[in-house]
Structures are given as structure tokens and as C-alpha cells.
Amino acid sequence: MLRVDGSVPQMSLFKHKRVKGWWPFHVKNEGEQMELTGKVEAELHLLMIEESEKHPAGLGRNEPDPLDKPNRPDTSFIWFLNPLKSIRYILWHNYRWVILKAIVVMLLSVLIGLFFYSMPGYMVKKMLGA
């Protein structure tokens, strides 16, 4: 309910001519008490007759300002058409050094494996003088 004890700020629409704020909606529940069910943001304008004829309700607004073009990464659209590009953006930027270390370790293990694979043959050739 409206309080007039001074705890809620009040103002005169006739002095200010324009008010913007949140207006509460109340409903009576079973105990005949008022319960707040929601609020709506509204702006009220008090106009003279000449001003109201010049700016009729609903037609006095300007067009909305256009927004800037969003800065979207390449992975946000059509990732399924070019999955390698998406993998590059997702994996390479986050795990670059881990991937490089894994490649180096794999290359070294292949070289060591080839060495141990071919070593017995070369040892036999060296022993037999072939």
C-alpha cells in the first residue's frame, strides 16, 4: 500500500514533467495482505497539448542505434565443414608445447627403435666381413 509517513520518497509529476522508475505490482493473498508479484520499468512524460500533438504516443521515438559488427572467431561458424581449422584453433593454441614435445619424443623413439631393429643385422655383417 502507499505509505505517506515519509519513508518512501515522493515527487510531483506536475513539477518534473518526466519520471522514470520501477513500479511495483501487488496482489492480495489469502490473508488479505498485499504481496509483491513483480515490477515493471516505465517512463512517464507529462506533455502540453501542443507537444502531444507534435509527438503522438508511440511515434515519438527515434530509430534504434545499430550495433557494431561482432568480433567472432573463425571457430564459431561452420566448424563441421572445416574440422582441421577448428582443431587448429582449439587444440594448437591451448596445447602447442605439449603437442611439440610429444612429436619430438615420438621421433626419438622411432629413431631408437630403428637403431635396435637394424643393429643385429649390421653386427652379423661386421662379424662375417660382408
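Reader: Let's start with K17. Is K17 buried, exposed or partly exposed?
Author: K17 counts as partly exposed, because its relative accessibility is 38%. Buried means under 20% relative accessible area, exposed means over 50%, and partly exposed is in between (1.4 Å probe, protein chains only).

Reader: How should I read the numbers here?
Author: This is a predicted model, so local features need pLDDT of at least 70, side-chain atom pairs count only at pLDDT 80 or more, and totals for chains, interfaces and linings use all residues. Residues are numbered from 1 along each chain as its sequence is written, and side-chain values use heavy atoms, with hydrogens and water left out.

Reader: Back to K17. Where is the place of K17?
Author: K17 sits in the loop between α1 (13–16) and β1 (18–28). K17 is not a glycine, yet its phi is positive, about 70°.

Reader: And E32, what is its phi?
Author: Phi of E32 is near 60°, a positive value in a residue other than glycine. E32 is in the loop between β1 and β2 (34–45). E32 is exposed, with 57% relative accessible area.

Reader: Zoom out. How many helices and strands does the protein have?
Author: Three helices and two strands. The pattern along the sequence is α-β-β-α-α. Helices (H or I, at least four residues) and strands (E, at least two) are DSSP runs, numbered from the N terminus.

Reader: How much of the protein is made up of buried residues?
Author: Buried residues make up 2% of the 130 residues.

Reader: New topic. How many salt bridges does a search of the whole structure find?
Author: One. The side chains of E41 and K20 meet in it, at 3.9 Å, N to O. E41 lies in strand β2 and K20 in strand β1, so the pair ties together parts that are 21 residues apart in sequence. A salt bridge here is a side-chain nitrogen of Lys or Arg within 4 Å of a carboxyl oxygen of Asp or Glu.

Reader: How exposed are the two partners?
Author: E41 is partly exposed at 45% relative accessible area. K20 counts as exposed, at 57% relative accessibility.

Reader: What else is in β2?
Author: G38 lies in strand β2. G38 counts as partly exposed, at 25% relative accessibility. G38 and W23 are 8.6 Å apart in space, C-alpha to C-alpha, and 15 residues apart in sequence.

Reader: Now α3. Where does α3 bend?
Author: At Y95, by about 85°. The bend is the angle between axes fitted to the seven residues ending there and the seven starting there.

Reader: What does α3 span between its end C-alpha atoms?
Author: Only 55 Å, while a straight helix of 46 residues would span 68 Å at 1.5 Å a residue. The expected span is 1.5 Å times one less than the number of residues. G129 follows α3, with a positive phi near 75°.

Reader: Which residue pair forms the one aromatic pair?
Author: F115 and F116. Their ring centres are 5.4 Å apart and their planes are at 65°, so the pair is edge-to-face. Rings of Phe, Tyr and Trp (its six-membered ring) pair if their centres lie within 6.5 Å; planes under 30 degrees apart count as stacked, over 60 as edge-to-face and the rest as tilted.

Reader: How exposed is F115?
Author: F115 is partly exposed, with a relative accessible area of 47%.
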